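User: I am new to protein models and would like to learn how to read one. Could you take me through it feature by feature?

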Amino acid sequence: MTIAQQFLGKKTCKQQEEPLVPPFETPANIKDAEEGRPVVVTMHAHVRRVSSLTTLCIFATALLVLTTGVMGGMYLYRHFAHYKLRHFRGWCSVPYLPDVQPEPKPVSSELKQMASEALEVNSPKVNFFEEELDIDVKFEQYERIEVPSFERGRHAQFVHDFVANKTGIVDYENSRCFVMVLNRNYVFPPRVLYEQISKMRAGYFDADTQIVRHTMQVVTPPISDLKNVGLFIARDCAQMPIYMLEKANSLVFKRSLDSSSKDLFVEFAGNKVNEFQIINLHDAIAGDNVVANS
């Protein structure tokens, strides 16, 4: 037993003499630090240059984006502000009161009182018709006034060309156009009309909406030379027959109160409500794109 113990003890000593983990070689820098010597760590120069260049690129990109946004915003603001000053587009409600009133002739005071009460009941109510306006405020070259169909008027668009001194009426219901001389007594210039509409919408200006009737007649056949009708009228009346209008002879043609109200073209262009009745409207041939009367 003693020999075995001695043999095992020797074997154990040999195993302990061999290290379990290979010896770790201490770097020279760590040795220097352990010995108290100063350690110098060197950083390559290209590392510092890459970091500075990246920061500079990010800053330049951010500055470029900011400058582009500011310049784009200023351009859009100027563009829309310029467009707003040049064009005005909007709707306007115009009071419309035909002067058709009864004329009672009472005999006694009782009949007079009854007639006055009947007059108040049967007096015509104030109606309105709508207008869609497109006004060239800056250059003052044209006005477009579109009037939808209502009780007494047809669906039409009035084009006032201040360069050619012409007024065009686009009859949407029968796809045809009529041209006449621009009447500046009733059609205000674009800037004046714009200011008046703005005051009316603000509520501190009442325009003169008295009705003025114009009796016109069609001159046949339709015109073929569009040089004298103006650029804006020719563009809006493209692919439509265009007829000239002239004042009707009052000695020959008389307006009947029982005439069809749908033969009227009505507009408000600054001064009074203008009614245009074309006595021989049916002599004007309709265009190809005819819309059923509403």
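Analyst: Start with one residue. At 17% relative accessibility, Lys 272 counts as buried. The cut-offs are these: buried means under 20% relative accessible area, exposed over 50%, and partly exposed in between, using a 1.4 Å probe and protein chains only. This is a predicted model, where local features need pLDDT of at least 70, side-chain atom pairs count only at pLDDT 80 or more, and totals for chains, interfaces and linings use all residues. Residues are numbered from 1 along each chain as its sequence is written, and side-chain values use heavy atoms, with hydrogens and water left out.

User: Where is Lys 272 found, and what is its phi near?

Analyst: Lys 272 sits in the loop between strand 9 (264-268) and strand 10. Helices (H or I, at least four residues) and strands (E, at least two) are DSSP runs, numbered from the N terminus. Phi of Lys 272 is near 70°, a positive value in a residue other than glycine.

User: Is Glu 140 buried or partly exposed?

Analyst: Glu 140 is partly exposed, with a relative accessible area of 33%. Its phi is positive too, about 55°, although Glu 140 is not a glycine. Look for Glu 140 in the loop between strand 2 (127-136) and strand 3.

User: Which peptide bond is cis?

Analyst: The bond from Thr 220 to Pro 221 is cis, with omega near 0°. Pro 221 belongs to the loop between strand 7 and helix 6 (231-236).

User: How do I read the two sides of a strand?

Analyst: In a regular strand the side chains alternate between the two faces of the sheet. Take strand 4 (residues 156-161). Ala 156, Phe 158 and His 160 point one way, while Gln 157, Val 159 and Asp 161 point the other way. Strand 4 is mostly covered, with six of its six residues buried.

User: Which strands pair with strand 4?

Analyst: Two strands pair if DSSP finds at least two bridges between them. Strand 3 (residues 142-147) runs antiparallel to strand 4, joined by six bridges. Here Val 147 stands opposite Ala 156. Strand 5 (residues 166-171) also pairs with strand 4 in the antiparallel sense, over six bridges. There, Val 159 has Gly 168 as its bridge partner. The hairpin of strand 4 and strand 5 has four residues between the strands, and in it Asn 165 takes a positive phi near 60°.

User: What does Arg 176 touch?

Analyst: Contact means heavy atoms within 4.5 Å. Leaving out residues up to four places away in sequence, Arg 176 touches several residues, among them Arg 154, Asp 171, Met 240 and Leu 281. Arg 176 lies in strand 6 and is buried, with a relative accessible area of 5%. A polar atom of its side chain lies 3.4 Å from the backbone oxygen of Leu 281.

Technical notes
Polar contact = N/O pair within 3.5 Å; in protein donor to acceptor, adjacent residues only side chain to side chain.
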